[in-house]
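Here's a quick briefing to read with the model open. Keep the sequence handy too.

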Amino acid sequence: MINEEKLKEYAADLGIELSDGAAHNFSRYSDILVDINSYMNLTAITESDEILIKHFIDSLELLKYVDIPESASVIDVGTGAGFPGVPLLIARNDIRLTLLDSLKKRLGFLEDVIDICSLSAEFVHARAEDAGHNECLRETFDFATARAVAPLNILAEYCLPFVKVGGCFAALKGSGEESTQAKVAIKTLGGEIIDNILYNLPNGDSRSLVIIKKISQTPTEYPRKPKKIASSPLT
């Protein structure tokens with residue numbers, strides 16, 4: 001079980017006031033994550049303090065730097081164990097969250113989390129490169145987010161097609177070094193980097209948040225198939 005008071009203190013440092021109920025939902029989330037992770041590979045991080053900082057606070061950092069209006073639509077692409085989408089929803093239950101993942105069992109885990117926390121979200125079982133061409137999903141979201149190890153130019157091809165013109169894609173990254181190299185690719189996809197924020201987690205780990213504004217429609221050929229993306233990444 002995580003230390004709920006410490007969580008609330010760290011969140012307050014980000015300008016986020018968590019209610020007792022929200023803090024308790026984070027604790028529930030942590031407990032379920034560790035329990036299910038014993039037989040389903042969800043995360044390599046299982047110590048309560050590390051879950052608190054490296055998963056929960058890392059996800060909530062987005063709310064410090066990105067102004068998400070009330071009731072905004074948000075899609076978490078390749079959500080995995082739910083980061084950053086579920087922490088955002090726990091802290092801001094007014095957002096309309098969609099969790100997209102290619103693995104059905106991960107979405108099943110997340111459905112249980114959302115249910116136990118008495119929250120509401122949509123779940124999409126699909127690969128991002130397929131869902132990005134679905135007319136019900138393409139360019140329909142105010143915000144897309146992802147926390148992944150893929151290079152930014154590749155991540156942008158998977159995520160920007162979901163964002164409506166005028167919306168934003170927020171990429172949580174380990175470092176900010178790659179944003180310069182991805183500028184041309186992002187422009188091709190209809191985006192423009194408007195900020196690249198470097199920060200440290202409470203334990204000192206460095207992170208970056210790349211904020212990309214959607215300024216024009218993504219050309220219809222994107223996203224391409226994974227093999228094409230891997231063999232000929234946009235540069």
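This is a predicted model: local features need pLDDT of at least 70, side-chain atom pairs count only at pLDDT 80 or more; totals for chains, interfaces and linings use all residues.

Residues are numbered from 1 along each chain as its sequence is written, and side-chain values use heavy atoms, with hydrogens and water left out.

**Helix H2**

- Helix H2 takes in residues 20-37, and at 1.5 Å a residue its 18 residues should span 26 Å, which agrees with the 26 Å between its end C-alpha atoms. (Helices are DSSP runs of H or I with at least four residues, strands are E runs of at least two, and both are numbered from the N terminus; the expected span is 1.5 Å times one less than the number of residues.)
- Its buried residues include Phe26, Tyr29, Ile32, Leu33 and Ile36, along with Asn25 and Asn37. (Buried means under 20% relative accessible area, exposed over 50%, and partly exposed in between, using a 1.4 Å probe and protein chains only.)
- Among what covers those buried residues are helices H1 (4-13), H3 (48-65), H4 (85-91) and H5 (104-116).

**Arg138**

- Look for Arg138 in the loop between helix H6 (128-131) and strand E4 (141-147).
- Arg138 is buried but has no salt bridge, and the nearest side chain of opposite charge is Glu139, 4.9 Å away. (A salt bridge puts a side-chain nitrogen of Lys or Arg within 4 Å of a carboxyl oxygen of Asp or Glu; Lys and Arg count as positive, Asp and Glu as negative, and His and the chain ends are not counted.)
- The Arg138 side chain does reach the backbone oxygen of Tyr222, at 2.8 Å.
- Leaving aside neighbours within four places in sequence, Arg138 has contacts that include His133, Phe162, Thr218 and Tyr222. (Contact means heavy atoms within 4.5 Å.)

**Salt bridges**

- A search of the whole structure turns up eleven salt bridges.
- Arg224 pairs with Glu157 at 2.8 Å, N to O. Arg224 sits in the loop between strand E7 (206-214) and helix H9 (226-231) and Glu157 in helix H7 (residues 152-159), so the pair ties together parts that are 67 residues apart in sequence.
- Arg224 counts as buried at 15% relative accessibility, and Glu157 does too, at 0%.
- Asp101 and Arg106 also meet at 2.8 Å, N to O, and Asp101 is buried at 2% relative accessibility.
- Lys8 and Glu5 form a salt bridge at 4.0 Å, N to O; being three residues apart in helix H1, they are separated by about one helical turn.
- Glu5, Lys8 and Asp20 are linked in a salt-bridge network.

Key. A polar contact is a pair of N or O atoms within 3.5 Å; within protein, one must be able to donate a hydrogen and the other to accept it, and residues adjacent in sequence count only if both atoms are side-chain atoms.
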